[in-house]
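Look at the model below before reading on.

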Amino acid sequence: MKKSLPWLVPVLILAAGSGGCRPQPSVQAREMNLLVITLDTMRADRLGCYGDRSARTPAIDALAERGVLFENAYAPTPLTLPSHCSLFTGRWPFAHGVRNNAFYALGSAVPTLAEKLKASGYETSALVAAYVLKEKFGLSQGFDLYDDRLDSGEKVGNYDAEIPADRVYRKFQNWLGRERLGPFFLWVHFYDPHKPYAPPREYLDMTRGDAYRGEAAHASHYIGRIVEDLERRGLLERTLVVVAGDHGEAFGEHGESGHGVFCYEESLRVPMIFSNPRLFKKPVRIASRARLVDVMPTVLEMLTGETDEASHGRSLRAAMKGREDEAPQVAYLESLYGREENNWSPLTGLIRGSLKYIALPRPELYDLRADPLERDNLLLKNEGQAREWEAELTRFVRDHRPDGEPGTRPALSPAEKERLESLGYVSSAAASAREGLDPKIGIVYQNRIAELVAALDRGETDRVEREAEGLIAETRDLKLPYAYTLLGLVYEKKRDWPRLRDHLLLAIEAFVDEPAQAEKFRGNLLELYQAGGQYGPAEELVRDILAHDPRQARALEILGEIRESHEDWAGALDQYLRARESETGNVSLGRRVLKMRLKLGDHKAAAAEIESLLSTEDGAAGVDLLFTAAMLRVEAGDGPGAEELLRRVTELKPSAKSYFDYALVLGRNGKVGPAAASMEKALTFVPNDLDAEMREAAAKTLRLWRERPR
Ligand SMILES: [Zn+2]
């Protein structure tokens, strides 16, 4: 028995006991761990290994040196959650059912890579870096560990919450320190290249001020650290490393800056690398097409020998072995972002061979080989072709539709049901593409609104107000939610709360047929009432919101606040706990729960809450929690426990006050010498935050301790 493979023992025993009547996965295959690294918002052509000379991504490039790089890998959609769902289920978005961020969750009926590998004996862990992939959105199924904790200052429902690469690496170190029994599947998610582009200074300097490339460099650095750590532990040889992007990023090529609206090459072409120093001794580059849905069948075949029949993807093993003619030919693409967020027409399409078809009111067809920048729409010259493509797209969607109900949550709220019903285009993708505003026109409005928001920030309030009013009137038939949002921002800037309230009520009315939009404006109105302490109307609105979506965490949180204002601690606790069911690991909710537990005198539950909060709020952010925990220990009569906690407080945040408290507990525990030393520090600490009364008490106590016979 090789000493380095302790986890083989249970596998072999299991195999021996099962009588050999069914095929066993070969030991060879079972020797591999799997590390999937997803790089959010990483377009392929901004990495060194994809030919970008300005990139500073040596660690990612080094992985490609010991692996297979797919030069033409495609994401199915430019949206984080749906794209990750395709990667980890091997299904197109219309089949797994997750069509946008935030309003969807992957249903439990859809098998995931984590579930499959877990069933094969893998330990499964995920370390994610952004709110959009939190547990509640369903990707956690099959993972033994799903670490989605984010910033310690995280607000409820903050879709912008993220952590940078160094924090992701710290999660990795914690994970690496855990004891493992079997082979592992680890997914590490980096969010750095996503907006806002704000890399640490040294990475910005490294890329000569190019912040996007700086973010990629930052992520690459920590990927390098992860690889080094695995190598040091002797794990790298036995780990298949997959690096993939979830979508790209546009820099104005087709009018969009960022991602989400369009499906041009800058948004869909992503890095895809399979790396392992033992399996791939020299670098291989493959030009034929690969898709994110191919990752799951590929790794399942490589790791377990299993073929994944249900997948829409195809194993890339044959292509890796040089049989490129067996590579997939067709890729589906979509973005329903414009439909869902802006009321535009849905965007769907296909890539077949070198042709890319985009179904929209003004459909598009590009020859990617002759026209890689997608400037020459072939359908303008040959409209007849559009009908053929439309029919092909409809056929494609029909052929890949799931038998049962697609994804989404097991129990649908009324808002979710309405949303699903409004997705009639699930089954007739192309037909409905003619409804609504073409995003090519929509983006012009969106860019104009973005300019006006910037002008508002510069203080041009009156001009923006006039233009926003004009815009709403001008686009009354199109009903652009962003135009309403813009005018709301104007009133907010002017601190004209009555007009803001009236405007939001009007917006809710205007979007009565668009439940998702109305929901957003209700949310804005709720924040307004909450900020103004108008608990009466707020409570009424909360009921309205919860009738549409009983799990809306922010509404539940505000209901809790209202209960708190009536000093109904138990009622408030109840709401906060309900809110936390949708928002696990949220620190601000955890603190609210803690406060209510303390109010109710449930010190045991409070202490447990603190423990869990401290696992996220490490360092100075958690000092007040350590202090509260210490006070609870004092009350429970646990002197040594309190002493240890207060010692940590003086270390993390030395102050006159912290030395004072520490001294008192030391004194109580009979440690007079150290107590006197700490009290001395309390009196001499600069700046001193003890008030006159406390200083006097400190001096008096110190004298007593000094006079006491040792
Ligand atoms: Zn993303």
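Predicted model: local features only at pLDDT ≥ 70, side-chain atom pairs only at ≥ 80, totals over all residues.

Residues are numbered from 1 along each chain as its sequence is written.

The protein has 30 helices and 15 strands; these are DSSP runs numbered from the N terminus, helices being H or I with at least four residues and strands E with at least two. Of its 710 residues, 49% count as buried, meaning that 20 or more other C-beta atoms, placed from the backbone, lie within 10 Å of the residue's own.

In soluble globular proteins, nonpolar side chains tend to be buried together. A nonpolar core is a set of buried Ala, Val, Leu, Ile, Met, Phe, Trp, Tyr and Cys residues joined through C-beta atoms within 7 Å. The largest one here holds 125 residues, of which V168 and V188 touch the most other members. Helix 9 (residues 211–232) contributes the most to this core, with 9 residues. Another core, of 72 residues, lies apart from it and includes L525 and Y662.

Helix 29 (residues 672–684) packs against helix 30 (residues 692–707) at an angle of about 150°, with the axes 10 Å apart. Axes are lines fitted to C-alpha atoms over the stretch in contact, and angles run from 0 to 180 degrees between N-to-C directions. Helix 29 is therefore roughly antiparallel to helix 30, a label for angles over 145 degrees.

How values were computed
Buried ≥ 20, exposed ≤ 12 C-beta atoms within 10 Å, placed from the backbone. Parallel < 35°, antiparallel > 145°, perpendicular 65-115°, else oblique.
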